[in-house]
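Biologist: Let's go through this one together. I'll ask, you answer.

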Amino acid sequence: MNPFSDPPREVVVAGKKHIFRYLATLQACSQTHDLDLSNLGLLRFPVAHCSMAGLKTLNLDYNLLEELPDDIAKLLHLEKLSLRENRLTHLPLTLGHLKHLKHLDTLGNMMITPPQEVCRMGAQAVT
C-alpha cells in the first residue's frame, strides 16, 4: 500500500467523497505546501507523510487521533500545526525539533503533556 495514493482504511470506509478529498489534498500539497487532512476520521497520522519535507501547514483538525508519530519532527519547515478536536492527551517531545513552528493549536483535546495552559500559549511555549 502506498500512503500517497492509497488512503488510510478509515478514509476508504468513509466513502468516495472522503477518498477523493484525501487524494486531491495530497496532490495540491505539492504546489501549496499545505496539507489539510481535517474531518477525515483519521485514527493515526500516516508516518509516510512525515517525509513531506517542504510542508509548511498541517491541518489535522476534527479527526480521532490519539497520538502523533515521533517522526513528525521530520517536517522541518512546518510553521503551522492544527490539531483541534482530536483525542490527544500528549504531544511527542520531538515537536521541539520543529524550529519554524509558529502556530500550534490543540484546542478541544484533553492535553496532559504539555498541560493545556502551556498549549494555550502557543508553539513558542512548547518548543
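Biologist: What covers the buried residues of H2?

Modeller: Helix H1 (9-14) and strand E1 (34-36) are among the parts that cover them. Contact here means heavy atoms within 4.5 Å. Helices (H or I, at least four residues) and strands (E, at least two) are DSSP runs, numbered from the N terminus. Keep in mind that this is a predicted model: local features need pLDDT of at least 70, side-chain atom pairs count only at pLDDT 80 or more, and totals for chains, interfaces and linings use all residues. Residues are numbered from 1 along each chain as its sequence is written, and side-chain values use heavy atoms, with hydrogens and water left out.

Biologist: And which residues in H2 are buried?

Modeller: Tyr22, Thr25, Leu26 and Cys29. Buried means under 20% relative accessible area, exposed over 50%, and partly exposed in between (1.4 Å probe, protein chains only). An α-helix has 3.6 residues a turn, so residues three or four places apart point the same way.

Biologist: How far does H2 reach from its first C-alpha to its last?

Modeller: H2 has 17 residues and reaches 24 Å, close to the 24 Å expected at 1.5 Å a residue. That expected span is 1.5 Å times one less than the number of residues. His33 follows H2, and the phi of His33 is positive, near 65°.

Biologist: Switching to the core. Which residues have the most contacts inside the largest nonpolar one?

Modeller: Leu58, Leu60, Leu68 and Leu81, in a core of 28 residues. Helix H2 (residues 16-32) gives the most to this core, with three residues. By nonpolar core I mean a set of buried Ala, Val, Leu, Ile, Met, Phe, Trp, Tyr and Cys residues joined through side-chain atoms within 4.5 Å.

Biologist: Take Leu68. What is it in contact with, leaving aside neighbours within four places in sequence?

Modeller: Leu68 is in contact with Phe45, Leu60, Leu81, Leu83, Leu88, Leu91 and Pro92.

Biologist: Zooming out, how do the elements run from the N terminus on?

Modeller: The order is α-α-β-β-β-β-α-α, with four helices and four strands. Of the 127 residues, 40% count as buried.

Biologist: Now charges. How many salt bridges does a search of the whole structure find?

Modeller: Three, where a salt bridge is a side-chain nitrogen of Lys or Arg within 4 Å of a carboxyl oxygen of Asp or Glu. One joins Arg21 and Asp36, with the closest N and O atoms 3.5 Å apart. Arg21 lies in helix H2 and Asp36 in strand E1, so that pair ties together parts 15 residues apart in sequence. Lys74 and Asp71 also meet, at 3.7 Å, N to O.

Biologist: And what about Asp105 and Arg84?

Modeller: Their closest N and O atoms are 2.4 Å apart. Asp105 sits in strand E4 (residues 103-105) and Arg84 in the loop between strand E3 (80-82) and E4, so the bridge ties together parts 21 residues apart in sequence.

Biologist: Is Asp105 buried or exposed?

Modeller: Asp105 counts as buried, at 12% relative accessibility, whereas Arg84 is partly exposed at 30%.

Biologist: Last one: where is Asn109, and what does its side chain reach?

Modeller: Asn109 is in the loop between E4 and helix H3 (116-120), and at 3% relative accessibility Asn109 counts as buried. The side chain of Asn109 reaches the backbone oxygen of Thr106 at 3.0 Å. A polar atom of that side chain also lies 3.1 Å from the backbone nitrogen of Asn86.

Notes. A polar contact is a pair of N or O atoms within 3.5 Å; within protein, one must be able to donate a hydrogen and the other to accept it, and residues adjacent in sequence count only if both atoms are side-chain atoms.
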